[in-house]
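Welcome! Have the sequence and the 3D view ready as you read.

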Amino acid sequence: MIGQLCAIVIDCPNPSELADFYGKLLSLSRIDDAPDFVLLGTPERKEVVSFQRVPDFRPPQWSVPGHPQQMHIDVMVADLDVAEPQVLALGATLLDGSDKPVGYRVYADPVGHPFCLLTPME
């Protein structure tokens, strides 16, 4: 195992409004609430969905390539320096990295979808 699913992150123009919708739809509560980022989940931090503000948001349109789906997966790992070579070996590409083993790094899957490896901030 390389890591564990941490969150699904959805781009949107207004994180608070979209979090209200998904909170009611999925019976999730706000765990973290900031103007540009809202995190929903259970008290045990399970079923986590995040919403992040994106300037000039263009809504996706089903089956229209010019308006692709806008979300990515966060994967929790213990150490970025240990996990990175494993995901690269699977076919990922580093997009935005840090030379520190704590924090986050952004990768693309083999067909270009972004995902992040994160470490606990504790």
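Apart from its neighbours within four places in sequence, Val49 is in contact (heavy atoms within 4.5 Å) with Ile8, Ile10, Leu26, Leu28, Val38, Leu39 and Leu40. This is a predicted model, in which local features need pLDDT of at least 70 and side-chain atom pairs count only at pLDDT 80 or more, while totals for chains, interfaces and linings use all residues. Residues are numbered from 1 along each chain as its sequence is written, and side-chain values use heavy atoms, with hydrogens and water left out.

**Around Val49**

- You can find Val49 in strand E4; helices (H or I, at least four residues) and strands (E, at least two) are DSSP runs, numbered from the N terminus.
- Is Val49 buried or exposed? Its relative accessibility is 12%, so Val49 counts as buried, given that buried means under 20% relative accessible area, exposed over 50%, and partly exposed in between (1.4 Å probe, protein chains only).

**Salt bridges: the count and a network**

- How many salt bridges are there? The count comes to five, where a salt bridge is a side-chain nitrogen of Lys or Arg within 4 Å of a carboxyl oxygen of Asp or Glu.
- Asp20 pairs with Arg30 in one of these salt bridges, with 2.5 Å between the closest N and O atoms.
- That pair links distant parts of the chain, ten residues apart: Asp20 sits in helix H1 (residues 15–26) and Arg30 in strand E2 (residues 29–34).
- Asp20 is partly exposed at 37% relative accessible area, and Arg30 is partly exposed at 32%.
- Asp33 joins Asp20 and Arg30 in a network of salt bridges.

**Two further salt bridges**

- Asp36 and Arg53 form a salt bridge whose closest N and O atoms are 2.6 Å apart.
- Asp36 is partly exposed, with a relative accessible area of 45%, and Arg53 is partly exposed at 36%.
- Asp81 and Arg105 also meet through their side chains in a salt bridge (2.8 Å, N to O).
- Asp81 belongs to helix H2 (residues 80–89) and Arg105 to strand E7 (residues 104–108), 24 residues apart.
- Asp81 is partly exposed at 39% relative accessible area, whereas Arg105 counts as buried at 3%.
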